[in-house]
Amino acid sequence: MKHGIYFFDHSILTTAIQDFTAVIREDPSNAQARLYRGRAYAKQQQYTNAIQDLTAAIHLDPSCWLAFYYRGCIVREIDPKRALQDFSVSVLINDTQENFSSFLHRGIIYSKQHQWSIAIRDFESVIALNSSIIFAYLSIGLILLLHLDQYYEAIRQFSNAIKIDPLNVRAYLYRAQAYHKIHNLSNAVKDINRAIHLYPDKAELRILRGQYLMLLKKYELASFCIHQLAKMNEGNEEFFKAQPVQQALIQSFCQNHSKAIECLREAATSHPEPSMFVLLGKIQMKAGKTEDAVGSFKQAVNLLMTSEKILPPTFEAAEMYYLMGLCYMEQINLLEAYDAFSMAIRLHACYPDAFYQRGLCQMQLKQTKCIRDFNRALVLCPSHFQAYMGRAAYYESKGRYSKAIMNCNEAIKINPNSVRAYFYRGTLKYQNKTFRAAIEDLSKTIDLDNTCILAYYNRAICYHQIKNFRKALKDYGISLLHQLSKEIVLKVFINRGLLYMELGDYANACEDFKEAALLSPGESQIFQAIGTCHYRLNEFEEAVRSFDQVLRLEPISVEAYIGRGNSYMKNGDETSLERARKDFLKAIHLNPMCMKARICLGYNLQALGKLQSAWNQLTVVIAIDSKCDTAYEGRASVSLHMGEMFSALQDTNAALKLTTTAPLLTNRGVINQLMGYLSCAMKDYQQAISVDPKYALAYFSAANIYFHNHQFSQARCYYSEVLKLEPRNESAIMNRAVTNTILKNFEEAKEDFEKAVCLCPFSAALYFNRANFYNALKQYELAEKDISTALSIQPNDAMMYRLRADIRAKLGFRREAVEDYKQAISIQEQTDYM
């Protein structure tokens, strides 16, 4: 046995096998002899005999970890599953440093089976047992780099390998690639330089350094790398011939197209080959010289023709026509492009890109046959991303959005990280009015590329549609932070302005429309919107100026005349009312069927006191459209003004048959109240509240009826509801103050009076009521002060003089009280006389 081991250790394998065979013949149960003979057979590549011996050794000694290890090594290529079992049993028997190789080989098998996490654990076990095994560090690093996208951890593993062996060129090369992945190109170049220093004759390393230098935009250094490579291969004739091509490619990449073209022209002159002219044409295409590129491709076609002027039906010939077709598409010569792509297909019938491009060409020519070409491209290449996108565009042009979305789905299956596909599918879903689904796709687009500003803009529109105004405003804001085309910026300002209007934020809306007007000063609709915003902000002079600008741009704009007329109406003076009347008349002259203009004219005539004319105008509107509830409401208002209560009630009822709104119900309640039908009025107010629980006027009117009926607790509750909705409603505050006074809630009444005074410091009625309040509390000095203030605001009121006389009498100011009584009598006599 010792003799055999000696020869085995000195690689005299035939003698060693003979010795081990002799031992086995004498002692068939000798597991060690079986183990050594199996190892010797393995070294002689007699794997069948080796496996038999190792299996026998395992059978004789199940705890022999080496037998499991060596058998695993032999079968790992032909039977990985069995090899995994052997290595696993080996490490189960012996998991010490002595058996780290079992972990190493098992990790390699797991890597080949793409079981990355398990493989990493085995390599980590190797490092734990023997930290000097560089292969383990490199293996972990490569798995992290190539398969798990954990680039920083990969860099750490490669760095550990370099610490152990600073001369390991693979570690530098792999770490450079990892640095490239995290865009740390300067460190990537440093590592490649170290690798070149270790292996200066490796051309691939110099090419890689050139690529990294290009990415760093160090074009001179990149070009220098190519020249170095050329010098290294000066003795290689083939490489020397290819040098101009490589120089042209590097110049083209550096955007020095003219130098690249010059270099290739020289090469094509000395070596007039079709491939050289094709490459020249491609670079001319990059330079935007499509006419020159077509000439180069035609020269390539001429060189490829046989003596019989026939082109061989090869892919090379088809590609030339395909590239010519692309040039014609760029020149928008669609018919020539169609012919070129057709020729490419004729030469090479299995050319999916040619079918796709011909389909695009036909789609631009409005030919429905384009769908056939897209389908053919997909038959030839089921993973043709562009063909699915082209087919989606075709179905969109036909309004078949669901079909278009389905094609985008297929495109995304092919390229799950395509920004274009997600963005396009999002816009299709928007057109299909599935806004929430569109938002999901546009959000995915932004996740993939947060610089895709159009995705933010389109997502803002979707949020706007689903009334998520906060997120819509955020996306519009993000869109404006980036450089956009003038047209998109204009749309953003207009859309955001419309959103602000929808929110009732007319100040911000106005600012956005003003920005839009600067970008498009000839767009009348923008100035129309600005005028509307000023009108809503009670800035009526500015509104008039905006509508003036609309009319300068579009003198026949009915909406502008109506808007300017309404702005004049708000001034209230007779001159403004006349101007408003003229504007409404012009609007009617331009469009006699414009009911909005006629309704506005009706209100205008009512304000001018021309009640019958107003009534007639609103009657015309009703004759034009018997279902115009606004006209019935306006005529009811005029009838009420004329004292025709029953007519007003009839028109309000007619309006309510067409639409049920809280304002209409409240108006009917007011009419019923004026006619003395308080119970009917209360029913109307209560119904108005049920229709719109936030309509303050209904609460206020109902509270007044409760007050009139001496139901003061209910009145107080309803006045409080008004103030929840309109905290600055001075009438409600004052009425609640009076109600609290009657209910003897004096502290609350005092607070209400103070709030009312802050809101309306020039209301005589307010001071009069507070004077009554102080009088009831016997605080006569304060009462006398308030009633005097009321009289300074409204000096000809007999009731106020009478109250002040009573208060002054209680204060002992008899002479002043008598004077006030006399003044009250005098005013009353004048009133009675009149």
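How many nonpolar, polar and charged residues does the lining of the largest pocket have? By class, this lining has 3 nonpolar, 4 polar and 4 charged residues. In this count Ala, Val, Leu, Ile, Met, Phe, Trp, Tyr, Cys and Pro are nonpolar, Asp, Glu, Lys and Arg are charged, and the others, Gly among them, are polar.

## Basis of the report

The model is predicted, and local features need pLDDT of at least 70, side-chain atom pairs count only at pLDDT 80 or more, and totals for chains, interfaces and linings use all residues. Residues are numbered from 1 along each chain as its sequence is written, and side-chain values use heavy atoms, with hydrogens and water left out.

## The largest pocket

The largest pocket holds about 280 Å³ of space. Grid points are joined across faces, edges and corners, and the volume is the space filled by probe spheres set on the points.

The lining consists of Gln528, Thr532, Tyr535, Arg536, Phe547, Glu559, Ile562, Gly563, Asn566, Lys570 and Lys596. Helix H31 (524-536) and helix H33 (558-571) each supply at least two residues of it, and H33 gives the largest share, 5 residues. Helices are DSSP runs (H or I, at least four residues), numbered from the N terminus.

## Salt bridges between helices

Side chains of opposite charge can pair when their charged atoms come close. A search of the whole structure finds 27 salt bridges, each being a side-chain nitrogen of Lys or Arg within 4 Å of a carboxyl oxygen of Asp or Glu. One of them joins the side chains of Arg175 and Asp191 (2.7 Å, N to O). Arg175 belongs to helix H11 (residues 169-181) and Asp191 to helix H12 (residues 185-198), so this pair ties together parts that are 16 residues apart in sequence. Both Arg175 and Asp191 are buried, a term for under 20% relative accessible area, while exposed stands for over 50% and partly exposed for values in between (1.4 Å probe, protein chains only).

Asp475 and Arg459 also meet through their side chains in a salt bridge (2.7 Å, N to O). This pair links distant parts of the chain, with Asp475 in helix H28 (residues 469-480) and Arg459 in helix H27 (residues 453-465), 16 residues apart. Asp475 and Arg459 are both buried. A further salt bridge connects Arg808 with Glu784 (3.1 Å, N to O). Here the linked parts are helix H47 (residues 798-811), which holds Arg808, and helix H46 (residues 780-793), which holds Glu784, 24 residues apart. Arg808 and Glu784 are buried. Through shared partners, salt bridges join Glu784, Arg804, Arg808 and Asp820 into one network.

## A nonpolar surface patch

Met593, Val620 and Ile624 make a nonpolar surface patch of about 240 Å². Patches are made of residues with over 30% relative accessible area and no salt bridge; nonpolar side chains (Val, Leu, Ile, Met, Phe, Trp, Tyr) are joined within 5 Å, and like charges within 9 Å. The areas come from the Shrake-Rupley method with a 1.4 Å probe, and for residues only the protein chains shown count as cover. Met593 is found in the loop between helix H34 (574-590) and helix H35 (595-607), and is exposed at a relative accessible area of 54%.

## Residues in loops

Most residues other than glycine have a negative phi, and most peptide bonds are trans. Lys433 has a positive phi of about 65 degrees although it is not a glycine. The loop between helix H25 (419-431) and helix H26 (435-448) contains Lys433, which is exposed at 63% relative accessibility. Lys467 likewise has a positive phi, near 70 degrees, and sits in the loop between H27 and H28.

Thr368 lies in the loop between helix H21 (352-364) and helix H22 (370-380) and is partly exposed, with a relative accessible area of 46%. Its C-alpha atom is separated by 9.9 Å from that of Lys398, 30 residues apart along the chain. Asp165 is placed in the loop between H10 and H11 and is partly exposed, at 25%.

Methods:
1 Å grid on protein atoms, 1.4 Å probe; cavity = no way out; pocket = protein on both sides within 12 Å on 5 of 7 lines; lining within 4 Å.
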